[in-house]
Amino acid sequence: MNGNDAIVHNIAHNLIQHTPKSVINVAVLGAESTGKTTLCRDLAAHFDSPWVSEYMRTYLQAKWNDEQLTCTWEDLLPIAQGQIALENKLAKQVAQTSDTSHYLFCDTSLFELMVYSNWYYGDCPIALEQAALAHHYDLILLTDVDTPWVADDLRDSPHQRDEISAYFASQLNKHQRPFQRIGGDRQERVQQVVAQLTDISNI
């Protein structure tokens, strides 16, 4: 194994998902400013469970604050590594609790990062794509474009949310990832997910 092979192998290893069997993990995907973070917070509060924040926002906000620069191709793998590291850490913590319901709500996933990589760059790093397609979630939610767009330092597609949402759906279908669309106000969204999780728990 040469030096480059070792780097690639280490990156791939750092993208492996480690979710204990007792944990029901939920991925919340969707176009920007469609209520993903709010939904994760509301679900975490409802079930008294942790939620995984979107590492990309933390990473890119720091980059913007320090350099006034936005995301580049070179940022994708560091973001992916940070995202799955946080998810794995919280999944382990959830599994160690004594509660009967072990839920983990993930504000995005590597699948979303893969979709955005293909959307913006027309390509995706191989290690990221392989990891994204290898990861498993018990429930995948796609948030509807029925919330107001809110500007911030990182958002840049106020008029493309419907198109991006359709692209998400097409990619989920392409890769045979069953998903549920979630829309409505905050309370309605939580109720929809609670019903979905009740069905999963009864299987």
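In these legends Ala, Val, Leu, Ile, Met, Phe, Trp, Tyr, Cys and Pro count as nonpolar, Asp, Glu, Lys and Arg as charged, and the others, Gly among them, as polar. The structure shown is a predicted model.

**Figure 1. Lining of the second largest pocket.** By residue class, the lining consists of 10 nonpolar, five polar and two charged residues. In total, 17 residues line the second largest pocket. Tyr 137, Asp 138, Leu 139, Ile 140 and Pro 178 are the lining residues that lie nearest its centre. Strand 1 (24-29), strand 4 and helix 8 each give two or more residues to this lining. The space in the second largest pocket comes to about 240 Å³.

**Figure 2. Salt bridge between Asp 42 and Arg 186.** Four salt bridges are present in the structure. In the one shown here, the closest N and O atoms of Asp 42 and Arg 186 are 2.6 Å apart. Asp 42 belongs to helix 2 (residues 36-47) and Arg 186 to helix 8 (residues 186-201), so this pair ties together parts that are 144 residues apart in sequence. Asp 42 has a relative accessibility of 16% and therefore counts as buried, the cut-off for buried being under 20%. Arg 186 has a relative accessible area of 53% and is exposed, because exposed means over 50%.

**Figure 3. Salt bridge between Lys 63 and Asp 75.** The side chains of Lys 63 and Asp 75 form a salt bridge with an N to O distance of 2.6 Å. Lys 63 is in helix 3 (residues 55-67), while Asp 75 is in the loop between helix 3 and helix 4 (76-95), so the pair ties together parts that are 12 residues apart in sequence. Both Lys 63 and Asp 75 are buried.

**Figure 4. Salt bridge between Arg 181 and Asp 144.** A salt bridge joins the side chains of Arg 181 and Asp 144, at 4.0 Å from N to O. Arg 181 is part of strand 5 (residues 180-182), and Asp 144 sits in the loop between strand 4 (139-143) and helix 7 (161-174); the pair therefore ties together parts that are 37 residues apart in sequence. Arg 181, at 43% relative accessibility, counts as partly exposed. Asp 144 is also partly exposed, with a relative accessible area of 23%.

Notes
Residues are numbered from 1 along each chain as its sequence is written. This is a predicted model: local features need pLDDT of at least 70, side-chain atom pairs count only at pLDDT 80 or more; totals for chains, interfaces and linings use all residues. Side-chain values use heavy atoms; hydrogens and water are left out. Helices (H or I, at least four residues) and strands (E, at least two) are DSSP runs, numbered from the N terminus. Buried means under 20% relative accessible area, exposed over 50%, partly exposed in between (1.4 Å probe, protein chains only). On a 1 Å grid over the protein atoms alone, a cavity is a set of points where a 1.4 Å probe fits but cannot get out, and a pocket is an open set with protein on both sides within 12 Å along at least five of seven lines; lining residues have an atom within 4 Å of a point. Grid points are joined across faces, edges and corners, and a volume is the space filled by probe spheres set on the points.
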